[in-house]
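Subject: The structure for you to look at

Hi,

Here is the structure I said I would pass on.

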Amino acid sequence: MPSIGLVMIVKDEELNLAACLESAKYYVDEIIIVDTGSNDATKKIAERYTSFVYDYKWNDNFSAARNYGIEKTSCDWILSLDADERLECNCKLKSIIEHYQDSDAFMLPLYCFDDKSCQHYERVNVLRLFRKDKGIFLGSIHEQVAIQDSSKIQFLEQPIIYHLAAGKKERNAKRHRNIKLLKKIVLNEPENYYAKYYLAVEWFAFNKIGLAKEYFEQVLSKLDDNIVFFVPALKYYIACLSAQKKFKEALALCIEYTSKFSDYSDLYYCGGLILEELQEFEVAIKWFYQAIKAGTPPLVYAHTYGTESFLSYYHLGCCYESMGNCNKAKAYYEQALTVNPDFVIAIYPLFIRLLFDNGPETAYRYFYKNEHFLRQKNADVIAELFFQAYLTDYACRIVGIKEQNNLVYCSNDLKYLYINGHNEQAKRILRQDNNLSKDEKVVYQIIILLVQKMYSEAHKKALLLWQSINNRTKALAFINLSSFLAEKTINVCIEANRMDEYNKILLSILNDFLHGNYQSIDIRKSISDLIIQSADGKRIIAENYKIKGEALDKVLECQFAYARSLFS
Amino acid sequence: MQTISLCMITYNEEANIGRCLKSVAGVVDEIIVVDTGSSDCTVKIAATFGAKVINYVWNNDFSAARNESLKYATGDWILFLDADEELAPDSREILRSYININNEVEGYFIKIVNFLGNSSWTEPCSDLVFRLFKNKKEYEFHGAIHEQIVDVILKVNPNAKYTAAEDIVINHYGYLDQEIAAKNKKTRNLSIIENEILQEPNNRMLKYHYGVELYRTGRYEEAVQQFISAANGIDAQTVYLPKLLRYIVMSYYAAKDYSSALGIIETALGLFPNYADLFFYAGLIHYEQQNYGLSYDYFNKAITFRDQPVYYASFSGLNGFRAYYYLGQIAEKFCNEEEAMRYYILCIRDNAQFLPALDKICQLLKPWKDIEESKNALEKIFDLSDSYSCLAIAGALFRQNAYRLALEYLERYQTMNLLTEEQQIWKMICLIQQRRFFEALKIIEQFDQQNANYGLCQFNRLICFWLQGSLHKVFDIAGNLASLGLATDTAAVIGIIVNVLKPVRKANKFCMSDFTLLQDLLVRFLDLGEIDKVKAMTELLDDKTIVSFAETLGKIFLKYDYLELAEYYLCLALEREPSIEAVLELGEIYITKEMFFEAEYYYRLAIGMNGKNPQGYVKLLRLYDVMRFNILRQAVEQHPDIETFAAMLKEAENTLCQV
């Protein structure tokens, strides 16, 4: 019976560590935590799971730290994880190891999510499970496990390692740190193409396409026997060419390598994207069909989830729509959403097609029937689309469904409700909602009171708001608005330095109510009258009309481009 | 000198055969008529033209009958005509000159002009047919219907030359609606061709003709199948391929399978990139789907291809007046009346008989309101020295309730022509609208009780007396009319009139399902400025009737600038069911009343109701220009010291002027 030791190096991971250990603890016999200088509760959390917690002085070398951890374990197999990763497996790790008796090491699929919704991910392979006596970590960063006999490496479908998306700030900080370390290695070891690969990935993320492209090119020529690196490098390289608008070269590569990796949907998808960009829609369509036909790629290829299904369906829709075939476009957008209802991007074009071709009721029913309103993000996106299309009634209906199903409200939901006169519902939500700050709540309460024509109560609340120093201008706007609505008088004279902000606050309410019902006409008239009391206000209102006109012009231009000569 | 034999087969063609034979008299050297059992005067008429008539027992095979006629022909050439066709007068000389050219041609495709439509509206549609060929024993017709001879000639004589003689023209009247109805052609053709297709299931041509017959009887899905199976693997050079492709498009279109139709159009344009009919149908399909941008683009392409090869058999006007008409309607959707007017004028110039365009022109001119301007415009657009133009315009004006101008043009027409009964009635109504009751009554007197229009005339007589205040005359006529036995809705209108004149304390309310008569009456009273009568009459309608005709009422009040009433009824109409037209009209009303926020509300309501309709966007855009201008004008007045306002006002003014 093999024994497995989980070896981790950590620093300041109090938010992640417990969940990671929870996900892995049942699969391993021993847990080794090497702490490289945490300033938070990381060590305490680790001690809840294991007695093998070691301090290690950080020396800018990941491999050294990991190898230190490996030395501490008594098990004969090593599982290596980071704190922001989770392990998932529906069988015992040990039975997998026993099944592949001749193997010394395993490549595990790592799913990297690119946002918090956990729907869109890249699948890459990483060597994270190996015999203690056959492997050692090399490299100060993006450390590789060196296995003496590479024929003894086995690719596995599971266990799966999930890598969580970090916040933007955190991610960028890590990237800067990585670039620093990697640059040093590349300088010292010009033949270290693994380091060059990782450095290029970081550069690509920072949109330094020229730098990234050069290294990817080197990786392609030097690591052409290492498919685990070659394939993602190829994808990146093609992406670099596309970013530089060298579409022909990029396409040539797609063509060349689809003949080599004919079962690789990602490459067909890349080709389709390039052709779509070139507006060669008919050919692009063929490539996307190929991507779908290719199916999920073999484990050894790095893979973007969805190229074989919803991503290609979505782009098929885009191509057909560009060619004027709206029905087919709609069908493909629908298919993309059927396969992956969380693929929110497809909602936008589908919504517009349904709205224009079939009317709002059909659009609403479609999304209702397919349970999009039970999904937080989908419901929010669709409600906002209805609102923008001047169909606030439908946005309110969606909020109603959210309420029934205990979904989380967003502040837009309140807006839809009060501008369409659903005041009681708005108040109910306001009482429940805990995401809003106290001041924000007061602002909404004031607006609801104004809609209900309870001007003196609104006035009182506005005075309350005055106490919050950051919201003084807002308070003034509401003080004036409530007295203006009540008796067409202005209470407070606005100082010049507040004027701009004051007008903008009123203008944004004015524009929100443009999406409201018939009752909102009176409120809008009054707000507009209030704003134009000052010369500055007149300018802002005039500019607002101009902006609105330009926006309409754009819509016309976009939607009726062929009949341009009739309206411009 | 070569000789020609005219060959034909007939069956009960007494209405047509004279025209046909007259057209070739003196051109052909002999006439052979194979009659398949006529029970009318066909044979007699044929004989008067010196035809050799052969009696033949019909056996459901057109080719056999036709070949019978060839047996008797002695001329060097055969000209084959059907009784419902004629040789165009200009072609007589040309025909003879062709057969005397010694160029070893075995036969000619000549141009046939099919007249489609009905008695009020016909349109020509040209095609090429093989009807003139050398008289040789081996050349025989083949196929039980839509009989072909050209392929037989080729089979017998593979080197045979044949060519097109497009300047020989045959006019064909057999596709006029009344002709088709008279002969029951559709079903006759279908059953014969179904029989034949059983025997030759792989005959492309037969499938094509079968598809055409299915299309004519409205079985579009089945037609598509036949056409597609005829087109699969066809040689791109096939002379009827353009027509076949157009038929596929037309069938898909008729079956409302728009995306398939567009797919075929795309393919077909690859083969025939200058085929105007395809562009027209693409425009039509997008128009139906309210894709006005694309539709506009396709109709514009259709009109660029003026010259069409004859073998395209292009329908008349698809690259001309019909496309212009749609372009005009699209321009109206973009609230661009100037462009719309331009297109309607192009339309009527291309086809002076296309009355819908004339109606549109008259509608845009608002001739019930802007009388003099409309008159000036009409004089500029049309050549009014032609009395028939006067009549057409009078009709269009009458339909727009522009009674004064209609009367003017009708009288102009009358100086040269006699008025029909219908035109007399127009005139009578126009006279009443000018309060020229004496003259109107004179006309009414001409219609006695036997006349079909007696009731209508008496109704107008009643109106004459009502307008003059002779109340018991009104009651007399009403009683008289009632004794004629009126339709319920007419009776209701009379009832309303009587009730208005004899107010009862608890008046019954009237309901009606057909609003036409009352609507017409209300419009005429509004035209006369008799708003009290209009109000009194509408007050007598029950709520249900009011609600269901609220939009109509709103529109007619708007037409005569009764804004408050229009607003009231349009709002009422919206409560019942959303109508984008009503919404846009409310917007107009509020703009006139300078209630811009209300107008803004209704325009964006329109956008929300139908995002594909550009009217809401365009109107809202213009409204913002106006609102911007107004606020800046106010700003300049109140703050003359702030210079930027003057500049902004100038800019806003320029934007306004552009529209």
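Below is what turned up, starting with one chain, then the interface, then a few single residues.

Before anything else, keep in mind that this is a predicted model.

**Chain B by itself**

Chain B has 659 residues, and 56% of them are buried. Its secondary structure comes to 33 helices and eight strands. If you draw a box around the C-alpha atoms of chain B along the principal axes, that box is roughly 95 × 70 × 45 Å. Now take the contacts in chain B with a separation of 6 or more: 63% of them are between residues 24 or more positions apart. As for the surface, chain B exposes about 29,400 Å², and 50% of that comes from carbon and sulfur atoms.

**Where chain B meets chain A**

How many residues does each chain bring to the contact? Chain B brings 45 residues and chain A brings 41 residues. Together the two chains bury about 3,800 Å², with carbon and sulfur atoms giving 68% of that area. On the chain B side, the residues that lose the most area to chain A are Phe597(B), Arg604(B) and Tyr624(B), which together make up 18% of what that side buries.

There are polar and charged links here too. Between chain B and chain A the count is four salt bridges. One to find on your screen pairs Lys525(A) with Glu598(B), where the closest N and O atoms are 2.8 Å apart. Twelve residue pairs are in polar contact across the interface of chain B and chain A, counting pairs with both residues at pLDDT 80 or more.

Which elements of chain B give two or more residues to the side that touches chain A? They are helices H11 (258–271), H13 (292–304), H14 (321–333), H31 (596–609), H32 (614–638) and H33 (643–658) of chain B. H32(B) gives the most, with 13 residues. Sorted by type, the chain B side that touches chain A has 24 nonpolar, twelve polar and nine charged residues.

Let's begin with backbone angles. Most residues other than glycine have a negative phi, and most peptide bonds are trans.

- Asn401(B) has a positive phi, near 60°, and is not a glycine. You will find Asn401(B) in the loop between helix H18 (387–399) and helix H19 (403–414) of chain B. Asn401(B) counts as buried because its relative accessibility is 10%, and the cut-off for buried is under 20%.
- Arg435(B) is another non-glycine residue with a positive phi, about 60°. Arg435(B) lies in the loop between helix H20 (421–433) and helix H21 (437–445) of chain B. Its relative accessible area is 37%, so Arg435(B) is partly exposed.
- The peptide bond from Gln158(A) to Pro159(A) is cis, with omega near 10°. Pro159(A) is in the loop between strand E10 (153–155) and strand E11 (160–163) of chain A.

And one more in chain A: is Lys438(A) buried or exposed? Lys438(A) has a relative accessible area of 70%, so it is exposed. Lys438(A) belongs to helix H20 (residues 438–451) of chain A. From Lys438(A) to Asn90(A) you count 348 residues in sequence, and the C-alpha to C-alpha distance is 46 Å.

Notes
Residues are numbered from 1 along each chain as its sequence is written. Chains are lettered from A and ligands numbered from 1 in the order in which they are written. This is a predicted model: local features need pLDDT of at least 70, side-chain atom pairs count only at pLDDT 80 or more; totals for chains, interfaces and linings use all residues. Side-chain values use heavy atoms; hydrogens and water are left out. Contact means heavy atoms within 4.5 Å. Buried area is the accessible area (1.4 Å probe) that two parts lose on being put together, summed over both. A salt bridge is a side-chain nitrogen of Lys or Arg within 4 Å of a carboxyl oxygen of Asp or Glu. A polar contact is a pair of N or O atoms within 3.5 Å; within protein, one must be able to donate a hydrogen and the other to accept it, and residues adjacent in sequence count only if both atoms are side-chain atoms. Helices (H or I, at least four residues) and strands (E, at least two) are DSSP runs, numbered from the N terminus. Ala, Val, Leu, Ile, Met, Phe, Trp, Tyr, Cys and Pro count as nonpolar, Asp, Glu, Lys and Arg as charged, and the others, Gly among them, as polar. Buried means under 20% relative accessible area, exposed over 50%, partly exposed in between (1.4 Å probe, protein chains only). Accessible areas come from the Shrake-Rupley method with a 1.4 Å probe; for residues, only the protein chains shown count as cover.
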